[in-house]
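Hi,

Here is the structure I promised to pass on. Have a look at it first, and then read my notes below.

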Amino acid sequence: MITVVGMGRKADDLTLAGAEAIRAADVVVVKSALTHAAEAVGKIRQDAVYCDDLYQSAQNFDQLNEQIVRRLRSYKGKVAFCVVGDGRDDTTAAMLDDAATVCGVGLQTAVMPQRAGTRIYTAAEFCEEKYPLPLPTVIKSIDDKYTASAVQLKLSEAFDYDTPMLFCNGGKVKNITLGELCKQRFGYAATAAISPKPLTERTVFGYYDAAEVLSVLRGENGCPWDREQTHESIAKNAVEEAYELVNALQKQDNDNVVEELGDLLMQVLFHLEIAADNGEFTPSAVYTALCRKLIDRHPHVFGEVKASTAEDSLDVWNAQKLKEHKIKGVAQNVLDVPFGMSSLMRCQKVQSRASKGGYDFADVKDAADKVAEELREFLAADEAHRQMEGGDLLFAVVNVLRLCHTDSETALALSTQKFCDRVVKVEKLLAERGSKLTDLSQQQFDQLWEEAKRSEQA
């Protein structure tokens with residue numbers, strides 16, 4: 001039988017129950033002779049076994065823990081395994097599912113009283129944490145400056161560098177900031193504790209902070225405008241923010257991309273908060289639906305389906321989507337394209353889906369001939385039919401671009417912006433020359449326009 005004995009954070013922390021377990025054991029194993037645990041055990045008996053040789057031979061901590069567990073299980077009778085801290089959070093002890101534990105004083109006791117919501121890690125565990133959160137956090141066993149550097153870097157993902165911390169290396173507790181963590185002296189008992197600053201005083205935020213801000217804005221003492229909004233009242237905002245993001249991406253303006261991504265995320269959080277307030281659905285339902293969709297539509301990643309190219313992957317995605325939506329024909333597929341898209345984008349997507357069902361031109365030349373035909377019909381149309389014929393003309397142009405693998409929405413956006421830039425340049429040239437557009441002949445205007453075009457290439 002193995003009993004884990006927590007030896008506390010310093011030599012005189014050993015409890016009476018812990019001392020009795022050491023006396024009663026047939027074999028006493030101390031994790032390391034370099035800790036205060038060895039000093040405390042030495043006052044009781046002189047035949048303890050130490051695991052420092054395994055520290056020397058092991059390639060990593062996982063291997064070390066496995067070797068210590070094998071050594072412990074090789075002994076017969078009562079085995080007392082003495083570890084630093086309270087005994088319940090030691091990484092090796094956690095692997096001894098059938099062991100009893102005599103708890104001691106935890107390393108974290110010196111820096112932070114136990115309280116609800118506090119997250120407690122060893123330094124090695126925290127450095128493996130994928131998503132550090134701005135919650136009260138205790139980190140133990142910060143052995144050296146390299147480990148401290150990794151801990152500090154990980155903490156900086158969720159906490160400001162000037163966030164106050166408590167630090168203890170087995171002795172006196174001192175007040176430091178996160179940015180000063182690497183400047184301390186470290187050892188097996190080095191422990192740090194940190195809690196987030198108030199929301200309004202912070203400069204580093206995460207996803208859950210953004211959700212909290214939206215919750216406050218929609219709360220009883222929040223913003224009257226935010227509280228009044230509904231799904232319907234802000235429905236178009238998501239589309240507007242998406243277009244602004246695309247504009248920033250096309251300009252390769254990273255500062256603006258950051259801002260616009262935040263604005264788009266705000267729309268998602270806004271709808272989640274409204275839904276929660278109305279009892280419609282929870283954020284978890286949205287995350288679940290997204291993850292389920294991504295897993296189901298990537299059977300070539302999460303299943304047995306094969307897809308060696310990007311085109312293969314897209315075919316798999318579309319096949320899975322048709323299956324999920326129970327779409328069995330081309331008619332159903334084209335009607336499934338959302339009306340909320342811009343007309344140009346919806347047109348291209350409808351054509352693309354119809355094409356997969358055989359509704360397409362044989363080649364680009366036929367599509368181009370159709371553009372010429374639709375242009376003639378539009379020019380010949382009377383006022384009652386001009387809108388429909390104009391739509392047919394645009395539809396035909398989108399077909400040509402699609403067959404040439406050119407996105408119509410992006411192409412038109414670029415051309416529109418190019419026109420805007422040229423108008424700005426022409427106005428600047430006119431101002432420099434003290435002229436007005438109305439003063440120019442058609443030939444003079446054409447020359448000025450060409451000059452503006454040339455300046456784009458300069």
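Keep in mind that this is a predicted model. I'd start with Gln-67, which sits in helix 4 (residues 61-74). Is Gln-67 buried or exposed? With a relative accessible area of 17%, Gln-67 is buried, because the cut-off for that is under 20%. Setting aside neighbours within four places in sequence, Gln-67 touches Leu-54, Ser-57 and Ala-58.

Next, the charged pairs. Side chains of opposite charge can pair when their charged atoms come close. The count here is 16 salt bridges. One of them links Arg-45 to Asp-47, with 2.8 Å between the closest N and O atoms. Arg-45 is buried at 16% relative accessible area, whereas Asp-47 is partly exposed at 44%.

Helix 16 (residues 364-380) is worth a look too, as Lys-370 and Glu-373 both lie there, 3 residues apart, or about one turn. Their side chains form a salt bridge (3.3 Å, N to O). Lys-370 also meets Glu-374 in a salt bridge, at 3.4 Å. Those two are 4 residues apart in helix 16, so about one helical turn separates them. Glu-374 is buried at 7%, while Lys-370 is partly exposed at 28% and Glu-373 is partly exposed at 30%.

Met-345 belongs to helix 15 (residues 343-356) and is partly exposed, at 34% relative accessibility.

Lastly, an unreviewed UniProt entry lists residues 229-302 as "domain: NTP pyrophosphohydrolase MazG-like". In the model that span is 80% helix and 0% strand, and its end C-alpha atoms are 39 Å apart.

Cheers

Conventions. Residues numbered from 1 in each chain as written. Predicted model: local features only at pLDDT ≥ 70, side-chain atom pairs only at ≥ 80, totals over all residues. Heavy atoms only, no water. Buried < 20%, exposed > 50% of the residue type's maximum accessible area, 1.4 Å probe, protein only. Contact = heavy atoms within 4.5 Å. UniProt positions renumbered as here; feature names shortened; annotations may be inferred. Salt bridge = Lys/Arg side-chain N within 4 Å of Asp/Glu carboxyl O.
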